[in-house]
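Here are a few exercises to work through with the coordinates open beside you. Try each task before reading its solution.

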Amino acid sequence: MSVPSVCLHAHFYQPSRENPWTGEWEDQPSAAPYPNWNARIADECYAQNAAARLLDGEGRTRGVRNNYADISFDVGPTLLRWLEVNRPVVYAAILRADRQVEAQRAGTGPAVAQGYHHAILPLCDAQDLETEIVWGLRDFEQRFGRPAAGIWLPETAVCEDTLEMVAERGVAFVVLAPHQAAALRPDGGEWSGVDAHEHWTQRAYKVELPSGRSLAAFFYDGGLARGVAFDGWLHNGEVFAERLVQAGEGDGLVHLATDGESYGHHHAFGEMALARTCEMLAERNDVKLATYGAYLADHPPTWQAQVVGSSSWSCAHGVERWRSDCGCKMDPGADTQQRWRTGLRNALDWLRDEARAAIETPMQALFLDPREAMLHYVDVVHETGAAWDAWWLEHGRPGADDQWGRDFLEVERHLLAMYTSCAWFFDDATGIEARQNLRHAACVVDGLRNTVGIDLSRGLLDHIHALEVNGDSGALSADVAEWLRPSEPEPVEISAKLDRQAGTVLHLTSLPGPGPIGDMGGARAFVDWMELAGLSVWQLLPTSPTGYGDSPYSSWSSLSGNPWLIALEPLAEAGLLDAVPVWEGEADDAVDFGAAYAWKNPLLERAARALLADADHAWTAEYQAFLTRADWVHEAGLFWALKRQHGGQAWWAWAPGLRDRDAAALEAAKVEHRELIAVWTVLEFFFEKQWQAMRTYCTARGVTLLGDLPIYVGEDSVDVWAHRGLFQLDEAGTFSHVAGVPPDAYSEDGQRWGNPLYDWQAMTDDGFAWWVARMRRALALTDTVRIDHFIGMVRYWAIPASADTARDGQWLEGPGMALFEALSAALGTLHVVVEDLGEVDPATRSLQQDLAMPGMRVLQFGFGSGPDNEHLPENAPELSLMYSSTHDSDTARGWWDSLSADQQMEVGARGDVVWQLIDRVLASDALWAIVPVQDWIDAGSEARFNTPGTREGNWLWRVRSEALTPELAHRAHHTIAASRRALPRPHRPSTSK
């Protein structure tokens, strides 16, 4: 039976907001309390739609949807770039949604391209028109990994030349407003006006062009779009869904297009209404969700349309809003004129023509084909190093200066950016949008001075002086004159107002929930509690599979995720388990690692085998894509299988061929254990899928994940087995020395960890490739990484393997700055904090300061040595993390109770002691103040997570769900807000009642 299809298209776009000279994003006070409008709208809209909440009858989160996977959308390239740098989790969720839907819907994803700089294309000259379209399409293909089937024309502004250019580049369809259809006809029929047809928007139309090319056009339903934008349809997702169903007719397409910012920014919680709407539509059998590409594939046009030339959705006068005083403006009742629009466009056209004439000859000398070079510059516009070098080899003339060539390309890029449509959309040239375009124009003038020695500043200033603005023309002229000064503007410091935050520590295994061990299934409720409490940093312990002693700091695979952290319920919901059996143990009591192995592991493996057996499962395409990205997973799977084959024996006890990684022996093992290896790869896929969902949910709730990178790996690990040449081992795999730390505040004998030590010279010789891969993986899982035992990077404690304690070790030199230079060269800016506790030597402190990486301060270490102790909260530097306690220390309550009366008097707390200690931590100058969950709930020593130097009774504590109450969250929020650490939250009050 044919049923209507529903396509909800969202247009996401923000203009360029960076300093054109530095590329840094700057403050915009009008976006307060956020630093700029991109940050504000990202938190209110873009992130929310990546993890939109579905609520139960009591207002609790019962589910989450990635709205990008349910709708059709376009995202402006400049916005995608901002998200990639500033909200990488949201950026990844957008790309992931397109990949998932593409795999499920006949190879057509929900994303469509957009003109690169959001210029009004009918007002571009032929060269800029081509560049804007080509750049938009090439940027899309680079990001989404496929050619764009459709393109969103900025403001839906269209003309015949625009359609010809789009069709020439292979685009299959465009989306237009209903009033842009001039006439319609069925194939072979007569032309007639749109008013002669009912439900005429519910089909695709073929648009034939003078060149003989053609493409499809979708004219969205204007009434439905107005309902979303202006009539309150996003107040109730169920009502919205019903309206869409009622609009359907036969097998037609019910579709609308609106600003994507409607869903969460223009309409608070609009993303939740959209999620509920899509959930309801997905559950019905009388309608189906669709994308434009999928609908077009199933319903090729049988009608034709003529398009109104030089028209747009947002101007009743065609495209005059962007060049004349046509009467269209934001505030129709305001006594303002828009004659400045003509003057501004004339000014920029003059600058464009003058600049092109000035650079034409030098460009011929620098590039084999200057026009082709410019069209392909988008491929490397943000690249340096090898990518740029390869591009230059293809496009630059032999012997020409590549940096000189790039300077000319940047002049052309800013010529494009100065035509962004927002400058004309609003009501005056003195607004931030027009000023941004003029900054790009000033950057063009600066670039011309530096490249060809021509100064066009006087001419541009004359044009600006002549503008008939409504606001302060003198201030605008003064600003432009300042931007046009020959000296390069100083970089503007990015606001750090969002850096002062409060966080907590809770390992995933400690989350409450059913089963013998906490897992990602309990994360959503905990993040909701964090949001209510005003906590914005969640510190986790390492999440790799544990080894002997169940310590998260002793893993057999540093790149893998611990399968026991996978929640079973999503596997059952996906049909990979019949049901999740009831756990008969004591839930929320303590971690039971033995039961996790005996009870949970078989269920996980059963689900993995079910996916492997079902080639048509909805997750299969995602799993295959995961395998192409996670090249490490097969090696880990082989190690896991061989450990099973050998009854858990360490790798150095295996048969020599496997122990020493003989090529023939390894190939034979891969064949013999291919099924078990595949099971492991699926388990890692489950972990990755759930982790991505958890991390996206954290980002949408304003929670930063702080991961933990142990400096060392386990001796019986795939890391050591597969890379023996990088460790201090002999040919037989015997360790002469092992890792640890000397005696310190935690242990009189020091700590003998037993991990193998690195051969730092061998690592230096191969450019620290193993460390680069490890850090890349860590930063792919969390927003920031804590490097455990940072001192080991400068000097490390080498303990004879035969020694029983760490007392007999010696200090040896580590890699120091060389390692971090290699990491930065490969990975860019490192979002890293360091554990610098214990005896920190001057060289370690110097390296930390050179790297500007925050260290740790712990309140419990701050007493007994006078007022200058660096661990006292009042002495904590801004570039630090201040803790009330850590996973290695006693809880704040346990520590306090262990103090003598004189020691308690020195601390100076009275009454509600733990909360007074928390207040001191929060009041410090440290950027992040971290209070473990045990301290928020005032738990005693029974809740201590780990006692260094001991092997029994660690890593077992779990928080009970009833301990994390709304009342506790409100109290926490009050004290966090009082310490100025409560971040702005979208559509939430800044303080709790």
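## Exercise 1: A threonine in a loop

The side chain of Thr 420 comes to 3.3 Å from the backbone oxygen of His 117. The model is a predicted one.

**Task.** Find where Thr 420 sits, and decide whether Thr 420 is buried or exposed.

**Solution.** 
1. Next, check the accessibility. The relative value for Thr 420 is 5%, and buried means under 20%, so Thr 420 counts as buried.
2. Finally, list the neighbours. Leaving out residues up to four places away in sequence, Thr 420 touches Tyr 13, Pro 15, His 117, His 118 and Asn 437.

## Exercise 2: One side of a helix

**Task.** Work out which residues of helix 17 (residues 473-483) are buried, and what they pack against.

**Solution.** 
1. The buried residues in helix 17 are Leu 476, Ser 477, Val 480 and Trp 483.
2. Look down the axis: these residues cover an arc of only 125 degrees, so they are on the same side of helix 17.
3. Now look across from them. The buried residues of helix 17 pack against helix 15 (432-451) and helix 16 (457-465).
4. Go to the start of helix 17 as well, where a side-chain oxygen of Asp 472 is within 3.1 Å of the backbone nitrogen of Gly 474.

## Exercise 3: Into the nonpolar core

**Task.** Find which residues touch the most other members of the largest nonpolar core, then explore the surroundings of Tyr 46.

**Solution.** 
1. This core has 321 residues, and those touching the most other members are Phe 12, Tyr 46, Trp 538, Phe 686, Trp 771 and Phe 820.
2. Its largest share, 14 residues, comes from helix 25 (residues 674-700).
3. Now zoom in. Not counting residues up to four places away in sequence, the contacts of Tyr 46 include Phe 12, Tyr 13, Ile 41, Tyr 68, Leu 79, Leu 83 and Val 90. Gln 14 and Glu 261 are also among the residues that Tyr 46 touches.
4. For background, nonpolar side chains tend to be buried together in soluble globular proteins.

How values were computed: Residues numbered from 1 in each chain as written. Predicted model: local features only at pLDDT ≥ 70, side-chain atom pairs only at ≥ 80, totals over all residues. Heavy atoms only, no water. Core = buried A, V, L, I, M, F, W, Y, C linked by side-chain atoms within 4.5 Å. Buried < 20%, exposed > 50% of the residue type's maximum accessible area, 1.4 Å probe, protein only. Helix = DSSP H or I, 4+ residues; strand = E, 2+ residues; numbered from the N terminus. Contact = heavy atoms within 4.5 Å. Arc of directions from axis to C-beta. Polar contact = N/O pair within 3.5 Å; in protein donor to acceptor, adjacent residues only side chain to side chain.
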